[in-house]
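Welcome! Please have a look at the sequence and the 3D view below before reading on.

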Amino acid sequence: MFESICELLNVVAEDASNPESRVAADTTLEKVKTYEFVFCLMLMTEVLTLTNALSTALQKKDQDFVNACTLVNTCKETIQELRE
């Protein structure tokens with residue numbers, strides 16, 4: 001969806017009738033295309049994918065405590081690996 005969002009911001013920056021909207025869209029587009037933003041976006045996608053899998057597993061009614069602790073530790077280790 002990244003390309004679609006960039007395209008939409010570009011269209012708004014060029015075609016909006018309100019000058020404030022054009023400036024806001026252009027500024028946002030510039031910031032979205034920075035390395036830092038894309039890196040953070042990719043990192044957060046990875047982290048949220050991991051934590052969502054953990055959250056889904058922990059919400060199961062038949063989940064036992066030992067298995068839940070194992071899942072949490074595995075998630076922590078994976079996030080630590082990402083960090084390093």
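## About the model

This is a predicted model, in which local features need pLDDT of at least 70 and side-chain atom pairs count only at pLDDT 80 or more, while totals for chains, interfaces and linings use all residues. Residues are numbered from 1 along each chain as its sequence is written, and side-chain values use heavy atoms, leaving out hydrogens and water.

## Helix α2

Helices here are DSSP runs (H or I, at least four residues), numbered from the N terminus. Let's start with α2, which covers residues 19–32. N18 caps its N-terminal end, with a side-chain oxygen 3.0 Å from the backbone nitrogen of E20; such a polar contact is a pair of N or O atoms within 3.5 Å, one able to donate a hydrogen and the other to accept it, and residues adjacent in sequence count only if both atoms are side-chain atoms.

Which residues of α2 are buried? They are A25, L29 and V32, where buried means under 20% relative accessible area and exposed over 50% (1.4 Å probe, protein chains only). Seen down the axis of α2, these buried residues fall within an arc of 65°, so they line one face of the helix; the arc is that of the directions from the helix axis to the C-beta atoms. On the other side, P19, E20, V23, E30 and K31 are exposed.

## The nonpolar core

The largest nonpolar core has 6 residues: C6, L9, A13, A25, L29 and V32. Such a core is a set of buried Ala, Val, Leu, Ile, Met, Phe, Trp, Tyr and Cys residues joined through side-chain atoms within 4.5 Å. L29 touches C6, L9 and N10, not counting residues up to four places away in sequence; contact means heavy atoms within 4.5 Å.

## Helix α4

At the start of α4, a side-chain oxygen of D64 reaches to within 3.2 Å of the backbone nitrogen of V66.

Notes
Helices (H or I, at least four residues) and strands (E, at least two) are DSSP runs, numbered from the N terminus. The expected span of a helix is 1.5 Å times one less than its number of residues.
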